[in-house]
Amino acid sequence: MRAARLVLAASLLALGLAPFATPAAAGEVTVTVGHQRLEPAEVRIAKGDTVVFHNVDAMPGGHTVAADDGAFASPPLEKDQRWSHTFAEAGTHVYRIREHPDAQGTVIVE
Ligand SMILES: [Cu+2]
């Protein structure tokens, strides 16, 4: 593994790229998805940030998060599966767990 990492670093240097550089500091927020809950229910992010939806509860068919305005929709997530979406535009998106429509959340992109 160590050798592979060195080879990769050397290759990146040869390409003129900085190896293992920290990517531009785009933010990332994680929302926990459960049977009837989204935590936190409201997240406030900046343009270009990513929200990671982490499903922690097992349910036949999984849990799907989908925005009312169609801005995003995940595939059905199995337990411990994550799905992320990056928000390029400012705006407010109300979304819910499709299988539990009362579990509603909001993503505010400033
Ligand atoms: Cu459920």
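In what order do the 4 strands of the open sheet stand? Some notes on that and the rest follow.

1. Before anything else: this is a predicted model, where local features need pLDDT of at least 70, side-chain atom pairs count only at pLDDT 80 or more, and totals for chains, interfaces and linings use all residues. Residues are numbered from 1 along each chain as its sequence is written.

2. The protein has 1 helix and 8 strands (DSSP runs numbered from the N terminus: H or I of at least four residues for helices, E of at least two for strands). Starting at the N terminus, the elements go α-β-β-β-β-β-β-β-β.

3. Back to the opening question: the order is β2-β1-β4-β6, with mixed pairing (two strands pair if DSSP finds at least two bridges between them). At the edges sit β2 (38-39) and β6 (82-86), each pairing on one side only. Strand β1 (residues 28-33) runs antiparallel to β2, joined by 2 bridges; Val 33 has Leu 38 in β2 as its bridge partner.

4. Now look at β8 (residues 100-109), which is parallel to β3 (residues 42-45) and joined to it by 4 bridges. Here Glu 42 is opposite Thr 106 in β8. Strand β7 (residues 91-97) pairs with β8 too, antiparallel over 7 bridges, and His 93 faces Val 107 in β8 as its opposite residue. There are 2 residues between β7 and β8 in their hairpin.

5. As for burial, 15% of the 110 residues are buried (20 or more other C-beta atoms within 10 Å of the residue's own, with C-beta atoms placed from the backbone).

Methods. Buried ≥ 20, exposed ≤ 12 C-beta atoms within 10 Å, placed from the backbone.
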